[in-house]
Amino acid sequence: MTKLYSFFNSSASYRVRIALALKGVKYETEGINIRVGEQNEPSFRELNPIALVPALSNIPEGSIGQSLAIIDYLDQKYPEPRLVPGDTAQRARVLEIAYGIACDIHPVNNMRILKYLSKDLGVTDEQKQAWYAHWIDTGLQSIEELLEKSGSGNFCVGDAPTLADCCLIPQLANAIRMNCDVSAYPRCMKVYEHCTAMPAFQAAAPENQPDYIAPAVA
Ligand SMILES: N[C@@H](CCC(=O)N[C@@H](CS)C(=O)NCC(=O)O)C(=O)O
């Protein structure tokens, strides 16, 4: 069976889980605990030399890393429902939002970056939180403007979920988990409220994953 190497709290993994659920693809989860460095094990690097989750394997093509490449693969292999629209204008809007999140917002707040800030550069927890919140704010402000451009409603673009929603929901979930103030982004939050009530998005949510680790109670 198709296997997804995933970490429950990883937003890049969450993007792919949403796509798999929307398309109704059956798969098994192999938990890679990035908190303890399992992404750097040689057995995982063989599947994804970039050493980041997710990776898709047990497919005829071998294994694929990079969440957007995996979703593109799934869209080719299981065309319904389409996550990257065929229509040229809609496709451009969807990719503009998805890349804005996956290329510009997510990478600077990735775990290895935050660890480098603390361990190698010696920044305090407060400074690290300020860094995180700053890039979330800057990024979500831009996404809010992109959603205005795309005329978002219940979804980022059009009237069905697309790759843009697969990227936005996990990014917002992370921001909320990290106590960022998201009240200034009403278009983003409208999409968030609508999508997170849908069964496919719920099936993909961190707390519903087999490798879920409950937060420690203080
Ligand atoms: N561009 C990659 C990003 C993947 C990524 O950053 N994954 C994170 C979790 S969301 C990770 O594995 N972090 C481990 C680390 O920072 O060492 C993708 O879209 O798949």
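Predicted model: local features only at pLDDT ≥ 70, side-chain atom pairs only at ≥ 80, totals over all residues.
1. Helices (H or I, at least four residues) and strands (E, at least two) are DSSP runs, numbered from the N terminus. Residues are numbered from 1 along each chain as its sequence is written, and side-chain values use heavy atoms, with hydrogens and water left out.

2. The protein chain is divided into domain 1 (3-81) and domain 2 (88-202), with bounds that come from an automatic or database domain assignment. The centres of domain 1 and domain 2, taken over C-alpha atoms, are separated by 19 Å. To the contact between them, domain 1 gives 15 residues and domain 2 gives 18 residues, where contact means heavy atoms within 4.5 Å.

3. Is Cys166 buried or exposed? Cys166 counts as buried, at 0% relative accessibility; here buried means under 20% relative accessible area, exposed over 50%, and partly exposed in between (1.4 Å probe, protein chains only). Not counting residues up to four places away in sequence, Cys166 touches Arg15, Ile18, Ala19, Leu22, Ile71 and Leu83. With Leu83, Cys166 forms a pair that is 83 residues apart in sequence and 8.6 Å apart in space, C-alpha to C-alpha.

4. A nonpolar core is a set of buried Ala, Val, Leu, Ile, Met, Phe, Trp, Tyr and Cys residues joined through side-chain atoms within 4.5 Å. The largest such core has 57 residues, and those with the most contacts inside it are Ile97, Ile143, Leu163 and Leu168. Helix α7 (residues 163-177) provides the largest share of this core, nine residues, and the core draws at least three residues from each of domain 1 (3-81) and domain 2 (88-202). A second, separate core has eight residues, among them Phe7, Ile34, Phe44 and Val53.

5. Which residues is Ile143 in contact with, leaving aside its neighbours within four places in sequence? They are Ile97, Gly100, Ile101, Ile105, Leu168 and Cys188, and a student can compare this list with the residues that have the most contacts inside the largest core, which include Ile97 and Leu168.

6. The ligand deserves a careful look. Of the 15 residues around the ligand, Val53, Gln66, Ser67, Asn110 and Arg112 come nearest, where a residue is near a molecule or strand if one of its heavy atoms lies within 4 Å of it. A polar contact is a pair of N or O atoms within 3.5 Å; within protein, one must be able to donate a hydrogen and the other to accept it, and residues adjacent in sequence count only if both atoms are side-chain atoms. An N or O atom in the side chain of Gln66 is 2.7 Å from a nitrogen atom of the ligand, a backbone N or O atom of Arg112 lies 2.9 Å from an oxygen atom of the ligand, and a polar side-chain atom of Arg15 lies 3.2 Å from an oxygen atom of the ligand. The ligand has 510 Å² of accessible area on its own, and the protein covers 91% of it; accessible areas come from the Shrake-Rupley method with a 1.4 Å probe, and for residues only the protein chains shown count as cover.

7. The bond from Val53 to Pro54 is cis, with omega near 10°, and Pro54 has its place in the loop between α2 (42-47) and β3 (55-59). The bond from Glu80 to Pro81 is also cis, with omega near -15°, and Pro81 lies in the loop between α3 (67-77) and α4 (88-105).

8. Where is Asn58 found? Asn58 is in strand β3, has a phi near 60°, a positive value in a residue other than glycine, and counts as partly exposed at 46% relative accessibility. Asn179, which is not a glycine, has a positive phi of about 60°; Asn179 is in the loop between α7 and α8 (186-196) and is exposed, with a relative accessible area of 68%.

9. Thr2 is found in the segment before β1 (3-6) and is buried, with a relative accessible area of 14%. Leaving aside its neighbours within four places in sequence, Thr2 is in contact with Lys26, Tyr27, Glu28, Leu56, Ser57, Asn58 and Ile59.
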